[in-house]
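Visitor: I would like a close look at one part of this model: its charged side-chain pairs. Please take me through them, then through whatever lies around them.

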Amino acid sequence: MSLAAPARLPARPAAASAAADALRRHWPLLPLAATVLLLLAPLPAGDATASGKVGPADAASLLLALVCAVQALRGRVRTLNPLGVLVLGTPGIGLAVSTMTAGDPYAALPGFVRYLQVFVLVPAAVVLLVRDAREFRLAAGCFVVLGLVQGAVGVVQYATHTGASYQGEDIRAVGTFGPGDVMGMATVVAYGLIVATAAGLAPGLPRTVRRAAGGCALVLVVPLVLSFSRGAWIATVGAALLVMCLAGIRRALAVLLALTALGVVLVGGLGLGSEMVAERLGSITRVSSAPDQSVTDRYTMWAAAESMWRERPAVGVGLKGFPAHRDGHSSLGLSSGSDTAGAGQAFMKQPLLSPHNMYLLVLGEQGLVGLLALVGGWAALLVAGLRRYAAAGDRGDRGVRDCGLIATGLFVWQLTDFLYADIGGPSTVLTGVIIGLAAWWALPSPVPAATAAPAGPPADRPAVR
């Protein structure tokens, strides 16, 4: 009796094999992707203070720092040049000084941990772990995914009157962030829009990728408008115009025509929030003649932060010191808080705990020492990033210029938005990721052979990124 030959097991599908190989190569990026994408998790309904608590994205950022530390011990991270060490490390010194000189160092300690996370640990981890342009694009793509999903939730909120309260109607698009963090959705949608705009204009990417990115950018305009966030609008326009100019005048004109046509269709043709959008735009120019209460509160808190700095110009009143010193430096024009309601939350008063200007917050709480440590490093990154982009074609880096467009656009958006906002809420952790991406582009460093990613297309394999 003959025995039949054993059946051969089917070969592993090519797609599964490719996915396994990609996971093995890029697994250190998983905490980075989780830091961005876990912001899709909704906040508990009715908890307006949840934005000040440690969320899933914050936990992922701590895992990101831990993975970076483990990889560093194994010698599998990039090496920082002296400028990189100075730019990324100096803020930690300023934060330590501000904490130790605060009136109550123990009360300032939570602020020290938060600032260290956002401005030192997360940026350094991104710079050290992202190895090449391919991994940079993977990280940037997460911003587009986050923006599209949060934007879709916001559009549904506007259409079904289930958003945050705005002018007596529950129509303000806030995504899953809730009315306690009305800037959250606008921020992440703007991030996605800037990344998509830069990718759509980048000459080195395939045409299909550029067309898909351009379509995503146009789609993301809708939820950004429905967020009714003046600061996000201003920052997005400024960053998008810079990206367009860097990409080329002809491309910029094409995008501007497309955006103008979209605006005419949405606001003029469909009447999508036309009256409220027009009123919100008009309020930007009425900041001195007839400001609304939110503008009055903002200017009052700006003056309070400046007064705190004049009291202690070198080191400020200490981290987390603004709320305790606010009333002693504010005029009677300051209200008791912002009214929040809608999106599953009852009416609540949101306390005003910061001046809504990052530069003045740092100046008031950390003084000139902290301001120079943070803002000086940001200025160095911006200048270095622009210089590298301008010289990228001459150095043979033309294939990675899309990374420069994305990094510069995101960074300029953040620096502009800091004129009208400061850190706070779940999306704060993304600030650290953006600073890290900007530093990755502005501070190129050699890739050790042990950490280099497998060879890809020539555009992804520069000797120095």
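How many salt bridges does the count come to?

Guide: The count comes to four salt bridges. The rule asks for a side-chain nitrogen of Lys or Arg within 4 Å of a carboxyl oxygen of Asp or Glu. This is a predicted model: local features need pLDDT of at least 70, side-chain atom pairs count only at pLDDT 80 or more, and totals for chains, interfaces and linings use all residues. Residues are numbered from 1 along each chain as its sequence is written, and side-chain values use heavy atoms, with hydrogens and water left out.

Take aspartate 58 and arginine 114. Their side chains form a salt bridge, 2.8 Å from N to O. Aspartate 58 sits in helix H3 (residues 56–73) and arginine 114 in helix H5 (residues 105–129). The pair links distant parts of the chain, 56 residues apart. Helices here are DSSP runs (H or I, at least four residues), numbered from the N terminus. Aspartate 58 has 5% relative accessibility and counts as buried. Buried means under 20% relative accessible area, exposed over 50%, partly exposed in between (1.4 Å probe, protein chains only).

Next, arginine 131 and glutamate 135. Their closest N and O atoms are 2.7 Å apart in a salt bridge. Both arginine 131 and glutamate 135 are buried.

Then arginine 137 and aspartate 402. This salt bridge spans 2.8 Å, N to O. Arginine 137 lies in helix H6 (residues 133–160) and aspartate 402 in helix H15 (residues 401–417), so the pair ties together parts 265 residues apart in sequence. Arginine 137 is partly exposed, at 23% relative accessible area. Aspartate 402 is buried, at 2% relative accessibility.

Now the nonpolar side. A nonpolar core is a set of buried Ala, Val, Leu, Ile, Met, Phe, Trp, Tyr and Cys residues joined through side-chain atoms within 4.5 Å. The largest such core has 75 residues. Phe136, Phe143 and Leu430 have the most contacts inside it. Helix H7 (residues 182–201) gives this core its largest share, twelve residues. A second, separate core has 39 residues, including Val118, Leu360, Leu381 and Phe418.

Setting aside residues up to four places away in sequence, leucine 430 touches Thr35, Val36, Leu39, Phe143, Leu146, Val188 and Tyr191. Contact means heavy atoms within 4.5 Å.

Methods:
Helices (H or I, at least four residues) and strands (E, at least two) are DSSP runs, numbered from the N terminus.
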